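Have it open while you read, and go through the points in order.

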Amino acid sequence: MRIGIDVGGTNTDAALLQDFRVLAGAKVQTTEDVSSGVISVIQRVLQTSGNSENDISAVMVGTTHFVNAFVQRKSLLNVACVRVGLPMGSGIPPLVDWPDELRQQIGEHIYMIGGGSYFDGTDYAPLDEQALEQTALDIKAKGIVSVAISAVFSPVRTDIELRAAEILARHLDNVNITLSHQVGGIGLVERENAAIINASLQALSHKVIPTLQQAISELGIAAPLYLSHNDGTLMSAEYAMQYPVMTCNASVTNSIRGAAFLSGLSDAIIVDIGGTTTDIGCLSKGFARETSNASEIGDVRTNFSMPDVLSIALGGGTCIREKNNQIILGPDSVGFKLTQKALVFGGDTLTTSDIAIACGQMKFGNESKLSHLSKGLIDKVHKAMKARLESAIDQLKLSAEPVPVILVGGGAHLIAGDLKGTSEVIHPINSDVANAIGAAIAQVGGRVKRLFDYKLEGGREKALEKAKKEAIDNAVKAGAKPGTVEIIELEEYPMTHVQSNTVDVKVRAVGQLENF
Amino acid sequence: MIINTIEQIKDLTRGAVFLGTGGGGDPYVGQLLLQQEIRKGKYVKVIKAKDLADDAQVVSIAGIGAPSVLVEHLQSKDTCRQLLTKMEKQLGRKVNAIIPAEIGGLNSIIPMAVAAQVGLPVVDADGMGRAFPHLEMVTFSVYGSTAAPVCIANELGDSVIIEKTTSNRKVEDLARGICANLGAMVYSALYPMLGAEVKVKAVHDTLSYCLEIGRGIRLAREQLSNPIDGIMNILEQPKLDRHARILFEGKVVDINRETRDGWHWASVLMIPLNGKDDRFELEIQNEYLKAKLNGKTTCLVPDLITTLDLDTCEPLTAEALKYGQRLRIIGTAATPIMRRPECLAVFGPIGFGMSEEFIPLEDL
């Protein structure tokens with residue numbers, strides 16, 4: 001039996017699953033320390049299902065906590081930014097494109113060191129070990145405890161960053177080192193940014209994750225803790241502690257994967273309706289479709305693969321106004337104050353939830369407070385909400401063909417009946433905890449993204465075989481059961497503007513968790 | 001005009017992607033380099049071509065190489081400065097101004113970063129008003145300037161001088177070979193010209209046009225509920241010989257990519273959002289060369305084809321296109337000098353191996 005948990009900004013959701021069956025779901029408010037909310041939601045879900053702590057074999061947590069901390073500039077460490085690359089890149093030092101306040105907050109501790117590799121893996125300059133020794137002493141003197149190391153073409157030559165880390169570690173005790181090749185592919189600036197973001201979150205991740213582990217074990221659960229990775233796969237708590245930045249998009253991906261699981265479909269549009277916004281994503285062959293656009297985290301450019309999601313201002317708390325006989329939806333929302341502000345709770349604001357309750361689609365609060373709403377108004381609002389949603393769905397669709405739509409999230413029942421441009425509208429059971437279910441059913445993944453010289457590898461076929469094998473091995477290393485691992489994505493980007501046999505190959509493999 | 005704010009640089013970069021017509025290399029690295037100079041208190045002074053002294057020495061600075069290498073090597077602060085010094089030694093005189101060879105893509109921003117570093121002015125002009133893949137595809141070359149002497153160097157200081165060639169196409173071939181052997185990304189100083197030559201051979205006012213487009217997109221997005229209207233107002237001004245129109249709105253349903261001889265070839269198929277039966281196609285050889293609606297050509301090189309994100313109106317490079325993207329395709333007329341017969345012979349449809357005759361956008 002496994003428990004999936006989603007720690008969002010407002011709610012912490014849980015789902016208990018056995019053999020891919022949902023036994024129970026629960027929802028509590030998110031707490032500042034993360035772990036007390038997680039504990040209370042675990043207790044609640046076990047209470048509902050009547051199971052005991054001993055039945056649990058794994059706990060999976062998806063969280064936006066770390067990305068939120070970075071976006072809000074909370075609990076960030078000073079980071080030593082060490083780049084191995086000189087004489088290349090001296091005109092564009094680390095942090096050039098970061099917002100000023102953020103650059104100041106993490107300090108401008110920039111060290112540019114000689115060394116680096118060409119795209120074909122040969123050294124263009126030897127690693128300047130002496131400069132690294134000096135750097136270590138300086139970092140020590142400044143009392144910095146987190147370091148990000150990047151190197152030119154490190155996805156091709158991981159050993160350069162590893163060697164640099166070894167030299168620094170020799171002089172530095174109790175310092176966390178993030179290596180850029182662990183958090184990104186080709187594109188030094190974006191990869192380095194991701195490494196620096198990750199390094200700035202080390203104090204937080206080393207506090208939150210062990211606290212979570214301890215709390216779970218004190219609850220009497222002996223099972224391992226996993227965290228959801230951006231791409232919808234799992235990582236061990238120890239890995240996540242080192243690489244908290246890899247959790248940043250997990251919640252959205254989890255909700256798409258959870259919806260896929262609940263509906264049994266592998267291709268559909270997923271509509272996740274929350275309190276303030278609705279996220280619309282695309283399920284393609286069982287996975288979230290990713291966007292190829294450069295993604296920003298807290299105004300810093302990275303190259304993380306993000307799910308392609310369209311967010312619109314429509315949720316359970318969206319305020320409704322009428323002007324010149326026209327219905328105006330939001331864009332503001334009463335958000336988590338729904339239970340004070342909405343009419344149905346005796347408040348003074350007409351919200352989308354009030355309309356859904358008046359229609360009989362949802363049941364909570366005191367319905368009699370809504371008796372004054374006319375049927376005409378209710379119909380008009382419902383129509384306006386549907387029109388907003390229909391136009392957003394149309395934007396995400398790949399063709400004019402009608403597609404199935406799956407409604408999930410706490411506000412899934414705001415919408416009833418058919419939607420234009422869709423083949424069916426599905427309201428799965430337990431849809432309000434789809435993201436927690438997505439965390440629970442997650443698989444273990446492995447990735448490869450680097451340059452291959454097809455000629456040196458003995459042809460395209462052999463090179464791709466090698467890349468696939470590396471991805472599968474990485475998945476097994478991360479805890480996947482050998483034999484269950486399959487390749488779900490393979491892309492090739494040949495190098496252009498120069499005659500070469502070099503191709504940027506991207507492979508993703510996923511498999512079942514060993515102990516499920 | 002002085003360029004000294006981060007906002008101007010970002011506007012320029014956005015305009016450079018627009019004028020890159022899908023290619024030209026992502027100008028982001030150039031943007032960072034220039035940003036770093038501005039941060040240090042440097043600035044770019046932009047002058048009009050007509051204000052150049054007739055005997056002023058002008059040269060171009062351009063990057064040559066693989067975009068995927070550029071994003072790792074980034075740029076050193078010395079490479080292009082040293083190239084300028086080498087060029088001055090070749091010419092036996094000081095350089096007075098820098099001119100971009102192409103205003104689309106990476107090579108529009110690099111000259112400005114160098115100019116900021118060394119304190120030289122940049123000429124508000126270029127050799128094409130867009131981006132092209134070969135270094136002989138510039139008006140400078142069409143009207144008789146030689147690319148050589150060309151100074152080429154990589155970031156490590158390996159350098160080569162091409163003293164003389166019998167054609168500018170040979171410089172292109174040599175430069176590609178040198179590039180492949182120097183780490184796949186090099187920089188060049190080339191097309192030394194005098195002020196008098198620049199006045200007649202260059203495409204004028206393209207840098208300010210680039211900035212105007214980039215700023216126009218930003219402002220339209222900030223201020224208008226329908227930003228595309230604001231952008232079309234800038235692009236479509238018949239009195240200024242500016243013609244533009246929306247060629248298509250729809251989503252990408254198929255992309256067929258391949259690499260031939262080291263170049264990016266692709267075709268993109270799109271369908272409308274309204275469920276109509278139209279088929280729209282884009283042909284790509286590094287840049288967008290041809291747009292077709294239901295088999296009929298609607299825009300042809302050297303006229304400009306640009307892909308914009310349908311919602312944000314952000315211009316996108318061909319390499320960023322993907323299945324399912326919702327786009328608006330804009331056709332913009334090339335400036336009159338680019339449509340002269342002698343220019344069309346080099347970078348009209350025939351220059352890219354197409355049998356079709358060039359027909360101006362406004363007649364299609």
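1. Start with B:Asn107. Apart from neighbours within four places in sequence, this residue is in contact with B:Gly24, B:Ile61, B:Ala62, B:Gly63, B:Pro100 and B:Glu102 (contact means heavy atoms within 4.5 Å). B:Asn107 is found in helix H5 of chain B, residues 106-118. Helices here are DSSP runs of H or I with at least four residues, strands are runs of E with at least two, and both are numbered from the N terminus.

2. Is B:Asn107 buried or exposed? Its relative accessibility is 6%, so it counts as buried. For the cut-offs, buried is under 20% relative accessible area, exposed is over 50%, and partly exposed is in between, with a 1.4 Å probe and protein chains only.

3. Two of the contacts of B:Asn107 involve its side chain. One reaches the backbone nitrogen of B:Gly63 at 2.7 Å, and there is also a polar contact with the side chain of B:Glu102 at 3.0 Å. A polar contact is a pair of N or O atoms within 3.5 Å; within protein, one must be able to donate a hydrogen and the other to accept it, and residues adjacent in sequence count only if both atoms are side-chain atoms.

4. A word on what you're looking at. This is a predicted model, where local features need pLDDT of at least 70 and side-chain atom pairs count only at pLDDT 80 or more, while totals for chains, interfaces and linings use all residues; side-chain values use heavy atoms, with hydrogens and water left out. Residues are numbered from 1 along each chain as its sequence is written, with chains lettered from A and ligands numbered from 1 in the order in which they are written.

5. On confidence, pLDDT is the predictor's confidence in each residue, from 0 to 100. Chain B has a mean pLDDT of 94, and 100% of its residues reach 70 or more. For the complex, the predictor gives an ipTM of 0.91 and a pTM of 0.89.

6. Now the interface. On chain A, 47 residues are in contact with 51 residues of chain B. The two chains bury about 4,000 Å² between them, 57% of it on carbon and sulfur atoms; buried area is the accessible area (1.4 Å probe) that two parts lose on being put together, summed over both. There are 14 residue pairs in polar contact between chain A and chain B, both residues being at pLDDT 80 or more.

7. H6(A) gives the most, with four residues. Sorted by type, chain A's side has 21 nonpolar, 15 polar and eleven charged residues. In that count Ala, Val, Leu, Ile, Met, Phe, Trp, Tyr, Cys and Pro are nonpolar, Asp, Glu, Lys and Arg are charged, and the others, Gly among them, are polar.

8. How many salt bridges cross between chain A and chain B? The rule finds four, taking a salt bridge as a side-chain nitrogen of Lys or Arg within 4 Å of a carboxyl oxygen of Asp or Glu. Including these two: A:Asp100 with B:Arg39 (3.3 Å, N to O), and B:Glu72 with A:Arg191 (2.5 Å, N to O). The second pair runs from helix H3 (residues 67-73) of chain B to helix H6 of chain A, and both B:Glu72 and A:Arg191 are buried.

9. Over all chains the salt-bridge count is 55. One of them, within chain B, pairs B:Glu314 with B:Arg221 (2.7 Å, N to O). B:Glu314 sits in the loop between strand E16 (304-309) and strand E17 (315-316) of chain B, and B:Arg221 in helix H9 (residues 206-223), 93 residues apart. B:Glu314 is partly exposed at 27%, as is B:Arg221 at 31%. Salt bridges with shared partners join B:Glu7, B:Asp11, B:Arg14, B:Arg218, B:Arg221, B:Glu222 and B:Glu314 into one network.

10. Compare a local pair: A:Glu166 and A:Arg163 form a salt bridge (3.0 Å, N to O). Both lie in helix H5 (residues 158-171) of chain A, three residues apart, about one turn of the helix.
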